[in-house]
Every structure is written in structure tokens, then in C-alpha cells.
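The sequence and structure are shown first, and the description follows.

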Amino acid sequence: MEESKNSSAIAKLQYLLNLACSTAQPTNVTLRDSCISCFSRVTAMPEGPQELSALSVCAVQYFTNTSYASCATALMALSTSALNVQPSGCYMGYCDFVRCLRRTNSNNLIIQCTREARTGVNITLDSDNVKFYTNVTSCILAKTRCGSFNPITGEPQTPGYTSTGVRVSNSLQFSTAGELRVIAFPATTPISSSFCSSSNNLTQSDWLTNVC
């Protein structure tokens, strides 16, 4: 049971780091591959101060001057802290680093969608603001649902379906800390009230080439 859990955690961390490396080094294939290799050597290490230090070395080397720079800086500070162990067994810095990467990916997704949805929008018109909001939301949901990997966690996925073959819809939620969460649920989920509704299920729109 514990071995399976650890293997799952390692895989989740590696997927997340692969996405971060690809995002941080979008045009330089050599640097991207070196970034992925650097982190790959670290993720198999036992959780603890040595892993934190090794993660920090890779992060500083490949994330400086990128959108992940603050994650690298915070990790470097925490990896040298004497207070780097929590009672739960999650070393301080490790979980903070993971959350920082996911938060950065969420911000990058929001930025990308606002840029794509901004074309032809006049913010002085209420009707255009409605269109802008609708398009940004549709973009975030479609990119998260229809991509070959999750743009926040980096985990591979079957576009539009769960790993068990169930067709999915999704929705947005923001935590009290302002972090974006995308919640997935079966597409066959009925709406709570069908009064004059155009559909009995929670169907969704696509966005540009993000169709599933």
C-alpha cells in the first residue's frame, strides 16, 4: 500500500515538473530536456532534506527568469531552513513547491485564455464584457477538459473522458486563497432544475481547436 502511494506521488511530481520544464523552456529543446532529466534524477530520491536541496538546484538552474522563478526562490530558502520537517511527514518546501508550480500553471492558463479571448473585445461595451467573460471561462474549461494532459497538474488524460472511460464535464472554483480549481464530474449529471432549460444535462461549449 505504501509503495503504491509513493510511486503515485513520484509520478504526479514528475508529470508536474515535465510540464513546468516545457513551459519554462518553450523554444529551447536542449534546455527543456536537460531540465526534465535534472528533475527526473531527483524525484526518485527519498523525501527529505537531500531531495529538497537537489530539487532546489534544478529549480534555480532552469526556472530563474521564468514564470516559475518565485517557486525556485522560495524552495531555495526553505531547503536550507532548519525547520524543514512537518509532523505529517511532508517536508516543508516540498509541498509548498508543488503548490507553487500548480498555482503558476493555473495563472499561465488564465493569462493564455484572457489573451486568446481578448481579440475583438471592446471593454467599454457591456455586451463585449459578457462575451469576454464567457470566452475566457469556456477557454479554461475546454483546455483543461480536452487536452492530452492536464494544463495545471501535467498529468496525461484522455480528452473529454476519465481514465475509466466516463465522459466528463467540468467547472471552475476559486479557493479562499484565490487559487483556481477545476472540478470534473460525469457529463451525464442532470441539472438541478429543468425549468425551461435547453438541455437536461450539463453539456459544455468547446474553445477554438479544443474540442472533445
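The protein chain of this predicted model has an average pLDDT of 88, and 92% of the residues score at least 70; pLDDT is the predictor's confidence in each residue, from 0 to 100. Where pLDDT is low, the predicted coordinates should not be read in detail.

Residues are numbered from 1 along each chain as its sequence is written. In this predicted model, local features need pLDDT of at least 70, side-chain atom pairs count only at pLDDT 80 or more, and totals for chains, interfaces and linings use all residues, while side-chain values use heavy atoms, without hydrogens and water.

The elements discussed below are DSSP runs numbered from the N terminus (helices: H or I, at least four residues; strands: E, at least two).

| Element | Residues |
|---|---|
| Helix α5 | residues 94–117 |
| Helix α6 | residues 126–146 |
| Strand β1 | residues 168–174 |
| Strand β2 | residues 180–186 |

Helices α5 and α6 pack with their axes 9 Å apart, at an angle of about 130°. The contact includes L109 and I110 of α5 and F132 and V136 of α6.

Strands β1 and β2 pair in the antiparallel sense over seven bridges; pairing requires at least two DSSP bridges between two strands. V168 has P186 in β2 as its bridge partner. The hairpin of β1 and β2 has five residues between the strands, and G178 there takes a positive phi near 85°.

Definitions and conventions: Axes are lines fitted to C-alpha atoms, for helices over the stretch in contact, and angles run from 0 to 180 degrees between N-to-C directions. Contact means heavy atoms within 4.5 Å.
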